[in-house]
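Work through the exercises below with the model open. Try each task before reading its solution.

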Amino acid sequence: MSSGLFSIARSALLAHQTALQTVSQNIANAQTPGYSRQETVLQPNTPVRFSYGSVGTGVSVTTIIRKRDVLLDDSFRSANTLAGDAGMRRDLMSQLESVFGEPSDAGMANALDQFWNAFSDLSSQPNSLAARAVVQQRGRQLGQLFNDYDTQLTTIRGSTLERLDNSVDRINALASQVAELNVRIVGSESSGNTANDLRDARDLKLDELSKIAGARVVPQPNGSVSVLIGNSMLVEGDTATPLTVQFETPNPLPSTPLTDVPVRIRLGNSLDRLAPLAGELAAQVTVINTEIPNVRGRLNAMASQLVTAVNTLHTTGFTFTGSTIPGTAAGNFFNAGSLGAPVSAANIRLDAAIAADPSKIAASGSATAPTNNTVAQGLSLLRSKEGTVTWNAPSGATETGSFIGFFRGLVTRLGIQTSSATDDANVAEGLTDQAELRRQSVSGVNTDEELVNMLRVQQSYQAATKMIKAAQEMLDTLIGLA
């Protein structure tokens, strides 16, 4: 009898010692990112059967389970994917919006206004060299502002490409780590135990993959997971297929060099672009392939059509040297570009003759009337002329308007997109936080609850020690009788 009591008490001591270790592990990792609360599962040992009934033989630890809900994980990762996409889109669109910094005295709207004002002043003083010098200065400033905008767009594109490369490198690293953890988990669980800590480490990497790339997770019966990006398999068992970033050269090639060569993401040896993209990866590719080219396209349309409109009017005018009549036919005000290098925001500049000598700026529309101002007046009226800028969007839509109206539309559109991205990011981050709270309600560690569990297990452990003392006293009594 006493040996049975000793055995039962010993099993209780060992079982509750394991339970106490589990509680201690939970408390120690309460603030560890990705840690899932663990729980010791106890079960009674197989009883011994006698003629008068079954007698228990103690308790044992069945397993230590990891408190995790797959559905809550999926919910969190779906929200995390949306938050990654919206947050990255907000950040990148904010950068694009900051290029223009409107409204501002140093912005394009003010520069255009001053440019037309300079021609208006020239029309009031058609013989004034000083007025021509102001026109020259305003034209140079306007061209430089276009150049600066284009440079900033190129800088943002370069930094976004670098972000994209870093994202792809991180995805490949995480995919390799998940594949390695799959191997370790399958090996560790082949004996029937659950590799709780390894699964926590893998889930932490899967959470990060969901934000960067919108990864979807498919658990497998052997304990491994398959990871999908788009409609393609990124990780399957112990194999991770790497992603690569490639420039996608248009076919046929355009007649002029393409500034914004689109990029595509490829998986392994596949020649097709990875689709559909999600998470931060989707936002980066969209900004590189769509948003930056669209903004640059609108600026190029403005620059090109500004040059065409101003040059067309300016070349109808005449310039005069002293009192010499007739005057000399005026040349282009802006550089007209060439077939291989058409006018764009990147290269718009004054014609070389105008840049060197403001007296080459025409105000008169008559070869015999130096005080005529029809050209200068016509140029100042371009300020409000509708339909002077037209841009055909890749979607097939046509945008048109006056120079200032078209530019304001560009800035307004960027502002709306940025505001929408900010709102989307706020909503997505709120949904992610809520999903994480729901998940933490199951897998998170509540130190107050763990302390209560510790006291409960401790009391059971102390009771088992008292049971050993009782068995010892019974044994001593039997020995005394002998």
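This is a predicted model: local features need pLDDT of at least 70, side-chain atom pairs count only at pLDDT 80 or more; totals for chains, interfaces and linings use all residues.

**Exercise 1.** Describe the largest nonpolar core. Which elements give two or more residues to this core?

*Solution.* 
- Step 1: Start with the members. The largest nonpolar core has 58 residues. Those touching the most other members are Phe 100, Phe 146, Leu 299, Leu 306, Val 310, Phe 333 and Phe 334.
- Step 2: Trace the elements. Two or more residues come from each of helix 2 (70-100), helix 3 (108-124), helix 4 (129-188), helix 6 (279-314), helix 8 (374-381), strand 13 (389-392) and helix 9 (403-443).
- Step 3: Find the largest share. Helix 6 supplies it, with twelve residues.
- Step 4: Zoom in on Val 310. Not counting residues up to four places away in sequence, Val 310 touches Phe 115, Trp 116, Phe 333, Phe 334, Leu 379 and Leu 382.
- Step 5: Look beyond this core. A second, separate core holds 27 residues, among them Val 168, Leu 206, Val 217 and Ile 288.

**Exercise 2.** Work out the sheet with the order 5-6-7-8. Which strands are at its edges?

*Solution.* 
- Step 1: Read the layout. Four strands form an open sheet, and their pairing is antiparallel.
- Step 2: Find the edges. Strand 5 (216-219) and strand 8 (239-240) each pair on one side only.
- Step 3: Inspect one pair. Strand 6 (residues 225-229) and strand 7 (residues 232-236) are joined over three bridges. Ile 229 stands opposite Ser 232 in strand 7.
- Step 4: Helix 5 (residues 196-213) lies across strand 5, strand 6 and strand 7, at about 10° to strand 6.

**Exercise 3.** How do the axes of helix 5 and helix 6 cross?

*Solution.* 
- Step 1: Take the geometry. The two axes come within 2 Å and cross at roughly 20°.
- Step 2: Classify the angle. Angles under 35 degrees count as roughly parallel, so helix 5 and helix 6 are roughly parallel to each other.
- Step 3: Name the contact residues. Helix 5 brings Lys 211, Ile 212 and Ala 213; helix 6 brings Gly 279, Glu 280 and Leu 281.
- Step 4: Sort them. This contact of helix 5 with helix 6 has three nonpolar, one polar and two charged residues.

Technical notes:
Residues are numbered from 1 along each chain as its sequence is written. Side-chain values use heavy atoms; hydrogens and water are left out. A nonpolar core is a set of buried Ala, Val, Leu, Ile, Met, Phe, Trp, Tyr and Cys residues joined through side-chain atoms within 4.5 Å. Buried means under 20% relative accessible area, exposed over 50%, partly exposed in between (1.4 Å probe, protein chains only). Contact means heavy atoms within 4.5 Å. Two strands pair if DSSP finds at least two bridges between them. Axes are lines fitted to C-alpha atoms, for helices over the stretch in contact, and angles run from 0 to 180 degrees between N-to-C directions. Angles under 35 degrees count as roughly parallel, over 145 as roughly antiparallel, 65 to 115 as roughly perpendicular and the rest as oblique. Ala, Val, Leu, Ile, Met, Phe, Trp, Tyr, Cys and Pro count as nonpolar, Asp, Glu, Lys and Arg as charged, and the others, Gly among them, as polar.
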